[in-house]
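Work through the exercises below with the sequence and the 3D structure open. Try each task before reading its solution.

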Amino acid sequence: MGSRTELSDFLAGVERRAFKQAMFAIRNEETALDIVQDAMMRLAEKYGDRPAVEWPMLFQRILQNAIRDCYRRTKVRSLWTTLLSSLSSGEEDEADPLETFATDKESDGLRGPEREFERTQLLGTIEKEIARLPTRQREAFLMRYWEEMDIAETAAAMGCTEGSVKTHCSRATHTLAAALKAKGIEL
């Protein structure tokens, strides 16, 4: 059983990555913050008494479900507003998720301003390409490579088979590699 301190440490450790995942999916800072906060509260309320080793998978499942719920609410809201009004708000395209992302400074102090600028641009380009991935590919990619979850945990969090996770990750990796190579970036 995890303690309150362990739960707090876990949530502090995943909040930034969870926010980025929500931002990639939703593209609205306030909504992404709400989703992450709700996911953290659900984990603490419903699963805080579970062993700490189960929290990463449970949190990812809660987070992905919250993102899907947001999509559903947005779709229903959009349908009704379209039916009831001929006015379109166009708010979906106004939020720029990359404006909210700050890169961490290198602790060694050996990086010059030019290198830091290149690094920031590279990360921005990678984040743009990740945001363009189809939803399931992006989910699988982020859970496997950013959250460092294994295939079984990712499959359980996404509610699909391990083979599907492998397929989504492979497609995402190939798509990202091709998009970055087209921009002259080879990692």
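**Exercise 1. Locate Arg 27 and state whether it is buried, partly exposed or exposed.**

Solution. The model is a predicted one.
- Step 1: Arg 27 sits in the loop that joins α1 and α2.
- Step 2: The relative accessible area of Arg 27 is 32%. Buried means under 20% and exposed means over 50%. Arg 27 is therefore partly exposed.
- Step 3: Look at the backbone angle as well. Phi of Arg 27 is near 65 degrees, which is a positive value in a residue other than glycine.

**Exercise 2. Describe the chain as a whole: how many helices and strands does it have, and what percentage of its residues is buried?**

Solution. 
- Step 1: Count the elements. There are 7 helices and 0 strands, and the pattern along the sequence is α-α-α-α-α-α-α.
- Step 2: The chain has 187 residues, and 35% of them are buried.
- Step 3: Consider contacts between residues at least 6 apart in sequence. Of these, 68% join residues at least 24 apart.

**Exercise 3. Find the residues that touch the most other members of the largest nonpolar core, and name the elements that give two or more residues to this core.**

Solution. 
- Step 1: In soluble globular proteins, nonpolar side chains tend to be buried together.
- Step 2: The largest nonpolar core has 24 residues, and Leu 43, Phe 59 and Leu 63 touch the most other members.
- Step 3: Two or more residues of this core come from each of α1, α2 (29–47) and α3. The most, 10 residues, come from α1.
- Step 4: Take Leu 63 as a case. With residues up to four places away in sequence left out, Leu 63 touches Ala 18, Gln 21, Ile 35, Val 36 and Ala 39.
- Step 5: There is also a second, separate core. This one has 11 residues, including Phe 24, Ile 126, Ala 131 and Leu 180.

**Exercise 4. Which residues line the largest cavity, and which element gives the largest share of the lining?**

Solution. 
- Step 1: Searching the whole structure gives 1 cavity of 30 Å³ or more. The space in the largest cavity is about 40 Å³.
- Step 2: The lining consists of Gln 21, Ala 25, Gln 64, Ile 67, Thr 135, Arg 138, Glu 139 and Leu 142.
- Step 3: Assign the lining to elements. Those that give two or more residues are α1 (4–26), α3 (55–84) and α5 (135–146). The largest share, 4 residues, is from α5.
- Step 4: Sort the lining by class. This gives 3 nonpolar, 3 polar and 2 charged residues.

**Exercise 5. Take two residues of the cavity lining, Glu 139 and Thr 135. Is each one buried, partly exposed or exposed?**

Solution. 
- Step 1: Glu 139 is in helix α5, and Thr 135 is in helix α5.
- Step 2: Glu 139 has a relative accessible area of 5%, so it is buried. Thr 135 has a relative accessibility of 32%, so Thr 135 counts as partly exposed.
- Step 3: Leaving out neighbours within four places in sequence, Glu 139 contacts Gln 64, Arg 68 and Met 158.
- Step 4: Compare sequence and space. Glu 139 and Ala 157 are 18 residues apart along the chain, and their C-alpha atoms are separated by 9.7 Å. For Thr 135 and Arg 68, 67 residues apart along the chain, the C-alpha separation is 9.8 Å.

**Exercise 6. Which residues are in contact with Gln 137 and with Thr 154, leaving aside neighbours within four places in sequence?**

Solution. 
- Step 1: Gln 137 belongs to helix α5. Its relative accessible area is 12%, so Gln 137 is buried.
- Step 2: The contacts of Gln 137 are His 168, Arg 171, Ala 172 and Thr 175.
- Step 3: Thr 154 belongs to helix α6 (residues 151–158). At a relative accessible area of 0%, Thr 154 is buried.
- Step 4: The contacts of Thr 154 are Ala 140, Met 143, Arg 144, Met 149 and Val 165.

Notes. Residues numbered from 1 in each chain as written. Predicted model: local features only at pLDDT ≥ 70, side-chain atom pairs only at ≥ 80, totals over all residues. Heavy atoms only, no water. 1 Å grid on protein atoms, 1.4 Å probe; cavity = no way out; pocket = protein on both sides within 12 Å on 5 of 7 lines; lining within 4 Å. Points joined across faces, edges and corners; volume = space filled by probe spheres on them. Nonpolar A, V, L, I, M, F, W, Y, C, P; charged D, E, K, R; others polar. Buried < 20%, exposed > 50% of the residue type's maximum accessible area, 1.4 Å probe, protein only. Contact = heavy atoms within 4.5 Å. Core = buried A, V, L, I, M, F, W, Y, C linked by side-chain atoms within 4.5 Å.
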